[in-house]
Amino acid sequence: MSQSAELTPEILEQSSNISNPKEKKHVKIIKQTYKNNTNSDYTEKLWDLAQNFDYASNSNHYWGIPELSLLYGTPLYEEASPSQKLALNHLFWVANYHYIAVSESSTSMYNMITSGVFENLGGYEELCKELELETDQESYHIRTFQKVAYKTKTSLLGKTTLGNPLASKSDKGWLGKLLPKPLQPLFFSSQYKTIFSGYQDYALSFIAKKMLEGKKQYYSQYLRELEQKDHPIAAASEGISGQVAPRHWMRFFTFNWGISPFMACQYYCLRYTANAYLKNHEYCYYKSFQELEKKGEFIPAPTAISYYHLLDESFHTTISQTLAKDMYRELPQPTAYEKFLSGKILHMMQNNMLSGLSGALPGRFVADSPLFMLFIYKLLKSPVFGMSNQDSLYWMEKSFCQEHDGFHVGLKYHAKLLEALRRVFNCLEYQSAVNREMRIMAAGGSIDKAIKGNIKVFEKFSRSIPQSN
Ligand SMILES: [Fe+2]
Ligand SMILES: [Fe+2]
C-alpha cells in the first residue's frame with residue numbers, strides 16, 4: 001500500500017517534512033493526505049477497469065476468497081455445484097458493492113455539507129479541497145460498482161429480477177446529477193414533495209438552529225442553498241446512512257452536522273464506521289489481488305477494482321479518523337446538547353446497523369430481516385438454483401435457523417470490525433462507555449441470539465409463501 005494514507009509512521013514523517021513545525025498534527029496529516037491523494041491514480045485505474053468490464057471474461061474465476069460468498073458455510077453451500085459457488089461469490093461482490101455505492105452517495109452529500117462548515121471555520125482550505133476531491137472520486141466509484149453489478153446481475157439472474165424503478169424527472173439538484181438512475185429511488189421519493197415533509201424539514205432545521213444558536217456563522221453554504229431553493233435534504237433508505245436511523249432522524253442529524261464545527265467533526269465518526277466496515281471485506285480482495293499478481297495469474301476485474309478502491313479509500317479513512325479523533329479537540333468543548341446528540345447518533349448506529357449477525361451473508365451485522373429473506377428466496381428461485389417454493393424454504397430454514405460455519409465466519413469479521421471501531425471510539429472522552437466500548441455491537445455478536453431471532457422471522461416469512469410453486 002505504497003500510497004495508502006492511513007495513519008502510518010511514514011505519513012506522519014512525510015507530514016513533518018513538508019510543513020511548518022508549529023502546525024498541529026491533524027493539520028499536517030490533512031495536508032499530506034491531500035497531497036498523496038492528488039498524486040494518486042487509483043480512481044482512474046478502477047474507472048478504466050469498469051469501462052472494459054465484461055462478465056463472461058471474468059465468470060470462471062473467484063473474485064475473492066470463497067468465504068466472501070452469499071450463503072457461505074450453510075449446508076446449501078456444501079451441496080452447491082462449482083458454478084453455483086462461483087455465482088454466489090460474484091453475487092456477494094454485487095450485494096456488497098451495491099450497499100457501498102448507496103452509502104458513498106450519502107457520503108458525498110455529507111462531505112459537501114461539512115466542508116461548508118469547515119470553510120466558514122477558516123484555516124482548513126486543504127481539508128475542503130480534499131473533501132471535494134473525495135466527492136469526485138466517490139462519483140467514479142459509485143458508477144464503477146453500478147456498472148459491474150448491473151452486468152453481473154443481468155448475466156446471472158436476467159433483467160426481470162433486477163426491478164430497479166427509474167426515478168421521476170423532477171429536479172433533484174446536485175445529488176441527482178451524481179447518482180446513477182438505478183440508485184435515485186433510494187434517495188428521492190414522492191414523500192419529499194408533500195407539504196408535511198416541507199414542514200418537517202423546517203421544524204427540524206429550526207430546532208437544530210435554536211439549539212446551536214451561537215454557531216450561525218458556520219452554517220454550511222450547501223444547506224443555505226437548499227433552503228433558498230426550497231429543496232429538501234436527501235436521505236437514503238438504504239446503505240449505511242439508511243440503516244443508521246430513519247430518514248427524519250438522518251435529516252435532523254444533517255442539519256446539526258451543517259451548523260456546528262464540533263458536530264461536523266463528529267459526523268466523521270459515522271464515516272469512519274463506514275470506512276472500517278468496507279475495509280473489513282475489501283482488505284481480503286486486496287490480499288487476493290496481491291497473491292494473484294505475485295503468482296502472475298489472471299486477476300478478475302472486480303478483484304482489481306476492489307484493490308484500487310481500497311487504496312483510494314485509505315485516504316478517506318485517514319481523513320475520517322483524523323477529524324473524528326483529533327480535529328475536534330482543537331475546537332471549543334462541546335455543549336451538553338452536542339454531547340447528547342453525538343451519543344444518540346452512535347447509539348442508534350450501533351443498534352440499527354451493528355447489533356446482529358447474518359446467517360446468509362458473512363460480515364453483515366444486522367439480524368436477518370423478512371426483506372433479506374425475500375432476497376435469498378428470490379435467489380433460490382432464480383436461474384442460478386431454479387428451486388421450487390418448497391425446496392427454497394427447506395434450504396432457507398437450514399441457512400437461517402440452524403447453526404453452521406457461515407455464522408462462525410460472520411463472527412470472525414464481527415471481531416475484526418469491533419476491534420477497529422473500539423480503537424477509535426475509545427479515545428472519545430465525550431462519549432458514554434456504551435459507545436466507547438461498542439457494547440451494543442459486542443452483545444450482537446452471538447450466534448445463539450441470531451438463530452433465535454431468525455426462527456421467529458422465518459416462521460412468519462414462510463407462512464407468507466405459497467406451498468406449491
Ligand atoms: Fe469509494
Ligand atoms: Fe470514501
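Reply: Helices (H or I, at least four residues) and strands (E, at least two) are DSSP runs, numbered from the N terminus. Residues are numbered from 1 along each chain as its sequence is written, while chains are lettered from A and ligands numbered from 1 in the order in which they are written. This is a predicted model, in which local features need pLDDT of at least 70 and side-chain atom pairs count only at pLDDT 80 or more, whereas totals for chains, interfaces and linings use all residues.

The part to begin with is Leu-71, which sits in the loop between α4 (55-58) and α5 (75-79). Its phi is near 60°, a positive value in a residue other than glycine. Most residues other than glycine have a negative phi. Leu-71 is also buried, because 29 other C-beta atoms lie within 10 Å; a residue is buried if 20 or more other C-beta atoms, placed from the backbone, lie within 10 Å of its own, exposed if 12 or fewer, and partly exposed in between.

Met-438 counts as buried because it has 24 C-beta neighbours inside 10 Å.

Of its 469 residues, 48% count as buried. Among contacts (C-beta atoms, placed from the backbone, within 7 Å) between residues at least 6 apart in sequence, 78% join residues at least 24 apart.

In soluble globular proteins, nonpolar side chains tend to be buried together. As for Met-373, if we leave aside neighbours within four places in sequence, it is in contact with Asp-368, Met-396, Phe-400, Val-457, Phe-458 and Phe-461.

Some of these names return where helix α17 (residues 389-401) packs against α21, at an angle of about 160° and with their axes 9 Å apart. Axes are lines fitted to C-alpha atoms, for helices over the stretch in contact, and angles run from 0 to 180 degrees between N-to-C directions. The two helices, α17 and α21, are therefore roughly antiparallel to each other, given that angles under 35 degrees count as roughly parallel, over 145 as roughly antiparallel, 65 to 115 as roughly perpendicular and the rest as oblique. Leu-393, Met-396, Glu-397, Phe-400 and Cys-401 in α17 meet Ile-451, Asn-454, Ile-455, Phe-458 and Ser-462 in α21. The residues of this contact between α17 and α21 divide into seven nonpolar, two polar and one charged, where Ala, Val, Leu, Ile, Met, Phe, Trp, Tyr, Cys and Pro count as nonpolar, Asp, Glu, Lys and Arg as charged, and the others, Gly among them, as polar.

Gly-453 has its place in helix α21 (residues 447-463), and it counts as partly exposed because it has 19 C-beta neighbours inside 10 Å. The C-alpha atoms of Gly-453 and Asp-368 are separated by 8.1 Å, although the two residues are 85 apart along the chain.

To return to α6, the axes of α6 and helix α10 (residues 221-229) come within 7 Å and cross at roughly 110°, and α6 and α10 are therefore roughly perpendicular to each other. Met-112, Ile-113 and Gly-116 of α6 make the contact with Gln-221, Tyr-222 and Leu-223 of α10. By class, the contact of α6 with α10 has four nonpolar, two polar and no charged residues.

Finally, Cys-128 lies in helix α7 (residues 125-157) and counts as buried because it has 20 C-beta neighbours inside 10 Å. Leaving aside neighbours within four places in sequence, Cys-128 is in contact with Ser-115, Phe-118 and Glu-119. Cys-128 and Phe-118 are ten residues apart in sequence, and their C-alpha atoms are 7.0 Å apart in space.

Terms used
Two residues are in contact if their C-beta atoms, placed from the backbone, lie within 7 Å.
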